[in-house]
Each structure stands twice: as structure tokens, then as C-alpha cells.
Amino acid sequence: MGILDFLSKQFVDVIDWVEEPGQMGWRVPLADREIQNGAQLTVREGQIAVFFNEGRIADMFGPGLYTLDTSTLPLLTAIMNWDKGFKSPFKSDVYFFSEKEQIGLKWGTVQPVTLRDPELGPLRVRAFGSYSFRVKEVAPFASRIMCTLAQVKVADIEPQLRAAIQTALATGVAGGGTAFLDLAASQTALSEALKAAVAPAFAQWGLSVESFFVESLSLPEEVQKHLDKASSMRVLGDLDRYAKFQAAEAIETAAAQSGGVAGIGAGAAAGLAIGQAMTGALGGAASAPTAPAATEDPFALIEKLHKLLDMGALTQAEFDTKKAELLGRIR
């Protein structure tokens, strides 16, 4: 050791920490752990300074300016059996911890969580959101996370925190028995429930969950399409209205194609076939064929057929054949 190194380590007289974004804990790099008796300790707002002796917490300091001597370090003085007139440097490990709230952190399900929905059956649900936390209890954080590390950043423990959130989501949501649609409709209540479920896991590391938000709750794409179709059917109400809707869409699609109005007849026929097939699936009276032409005025039907002829949906031969059939019904 050179003379300059010896002198520099004997005059450690200012101890403070200007933390960087994401830093949660920092060990003061003291040469041989020696601190000058009478040194100045500065602890800024949102920080805690902790003096350790042989791995155990001795004295803790909140925000303020301190002169380090036997009176301001009572526990360390008692442990080391210092004399009240002791003037030479003393040894101790000094750590700073940030109590600042760490905000803007994201969480999400790595794999979908299986939810037993009382209405829809088993569902695979994905969820995403954000959260914030801070160091609340220094002792468990120092013993379980910091240990002898030179520093600890949010990025160092974030994977562990996300794993705890994933577990809480699986047990709190999947085992809750609440329908998916009810969960999605009340994300505020779900956020509060998950925050309460996550809190014990964070507490074991000396951390507290300050905020927790569920921003997205979703189903696999194929399941979502099935729900959309089911919703459409409920809105339409009955098969007759659905068949008319399908026929109207078929006519509109055919009219927009290169065949123009000539393709309307095929589109209308396709829509009618869909409607008949769905009606027949009901069985019983609903499957009995109906003959609206038998009860409707033949002259009115001929007029409708003539409009289809003008539109190009029917050929002249088809119109003449149907017209002859309808006139034959007149007694």
C-alpha cells in the first residue's frame, strides 16, 4: 500500500449517496471499511443509511445531516465497546437504501391462465398491466436481496416480482369462480383484488405494492371470434331475421362484384338456402316447408317477378315459365 492510499483511507469524512434512476440499494465503497471519527453523513429525502457490523444492522439514519461519533452511533459503539474518548477511525459497512416509489413497471402473463368460467367453461385468459412498489422494510430487503452486493437495481429483481404476480393471478383469478365477462367489466375491482393477492409475496422481501393496474384482459383470438358470433346471434334474436340479414348481405356483395346485378339471383339464392337450413335445424313445426306463393295474390307475385326481370336477376325464359305457372293457379 502506498503512502497516498494510506492517507486517503484515513480521511473518509463525507458520506452521502446521489442515487441513479432504478437504484434501490448501494454499498459505500470504503477502503478497509474505515470511517473517520467525526465524519459527516448526509441522508437525502427518500433514503435510509444503515451501518452494519459483521452482517448485522447496528444503526439506521433517516433524512438529515449527522456528525458520526460515539453519541450518534450508540448501537455500533456498544457492540464495539468503544471508549467515550475514542478518536481514531472505526470500521463499519455502510449501505444506502432508496424508499422512492419505483413506478411505470409492466407485468403480463407469460402463458395464458386457465379460468374455469361458470358460463363459458374453461377459458385461457391473458392479462397485462402496470404496477409500482418501494422498499418499506430495510431488514428483510437487506438480508434477502442486498446481502453483500455493491448495488441492487429494479432490473435485478423485476423477474422475481413478475413471477409473484403471475402466481397471484393464477390463484386469485382462476380460483375465484368469477365469470370472465364480469372480470373484464370491472377492471378496477380486479386490480384491487390482485394488489391484495400480490402484497404478501412482495412483503417477504421488504417491499410494498403501491399501485397495481389491470390494463388488458383478453381471450385467444379464436375464442373471441366465437363470442362475437354468439353476441351477434343474440342481437338478431330469431332465425328469420338472421336469414333475411344474410340474404341482404349476399345481394349487396353480388351487386358489388364484376357480374353486377346479374349475380344478385345467385346471392339471394345462397341467402335463402342458409335461412332454410337454419330453420330446418330447429325441427318440429319450424321445419315444415312454407309456400308463401300459395296464399299471396298471383298478380302481385308476377309484378315482383317482373321487377327481378328488369333488374337482370331473372332471364326472360325463367320469367315466362314462372308467370305461366302462377296464371295457371287462377280459377
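Trainee: Which residues have the most contacts inside the largest nonpolar core?

Mentor: Phe 97, Tyr 131, Phe 133, Phe 202, Leu 207 and Phe 212, in a core of 42 residues. A nonpolar core here is a set of buried Ala, Val, Leu, Ile, Met, Phe, Trp, Tyr and Cys residues joined through side-chain atoms within 4.5 Å. Buried means under 20% relative accessible area, exposed over 50%, and partly exposed in between, with a 1.4 Å probe and protein chains only.

Trainee: And which helix gives the largest share of this core?

Mentor: Helix H4, residues 154–172, with seven residues. Apart from that core lies another one of 18 residues, including Val 43, Phe 51, Ala 58 and Leu 76. In soluble globular proteins, nonpolar side chains tend to be buried together.

Trainee: Before I go on, what are the ground rules?

Mentor: It's a predicted model, so local features need pLDDT of at least 70 and side-chain atom pairs count only at pLDDT 80 or more, while totals for chains, interfaces and linings use all residues. Residues are numbered from 1 along each chain as its sequence is written, and side-chain values use heavy atoms, leaving out hydrogens and water.

Trainee: OK, sheets. What's the order of the five strands in the open sheet?

Mentor: E6-E5-E9-E2-E13, with antiparallel pairing. Strands (E, at least two residues) and helices (H or I, at least four) are DSSP runs numbered from the N terminus, and two strands pair if DSSP finds at least two bridges between them. At the edges sit E6 (56–61) and E13 (151–153), each pairing on one side only.

Trainee: How many bridges are there between E5 and E6?

Mentor: Five, with E5 covering residues 47–53. One to look at is Ala 49, whose bridge partner in E6 is Phe 61. E2 pairs with E9 over three bridges, and there Arg 27 has Tyr 95 in E9 as its partner. Three bridges also join E2 to E13, where Gly 25 stands opposite Val 152.

Trainee: Which helix lies across those strands?

Mentor: H3, residues 138–146, lies across E2 (23–27), E5, E6, E9 (93–98) and E13, running at about 110° to E9. Contact means heavy atoms within 4.5 Å. Axes are lines fitted to C-alpha atoms, for helices over the stretch in contact, and angles run from 0 to 180 degrees between N-to-C directions.

Trainee: Switching topic: is Ser 92 buried or exposed?

Mentor: Buried, with a relative accessible area of 1%. Ser 92 is in the loop between E8 (90–91) and E9. Not counting residues up to four places away in sequence, Ser 92 touches Leu 30, Arg 33, Ile 35, Phe 51, Phe 52 and Leu 76.

Trainee: What lies 3.0 Å from a polar atom of the Ser 92 side chain?

Mentor: The backbone oxygen of Phe 52.

Trainee: Last one. What's the mean pLDDT of the chain?

Mentor: 77, and 68% of the residues reach 70 or more. pLDDT is the predictor's confidence in each residue, from 0 to 100. Over residues 6–10 pLDDT stays under 50, and over residues 281–294 it is below 50 as well. Where pLDDT is low, the predicted coordinates should not be read in detail.

Definitions and conventions. A polar contact is a pair of N or O atoms within 3.5 Å; within protein, one must be able to donate a hydrogen and the other to accept it, and residues adjacent in sequence count only if both atoms are side-chain atoms.
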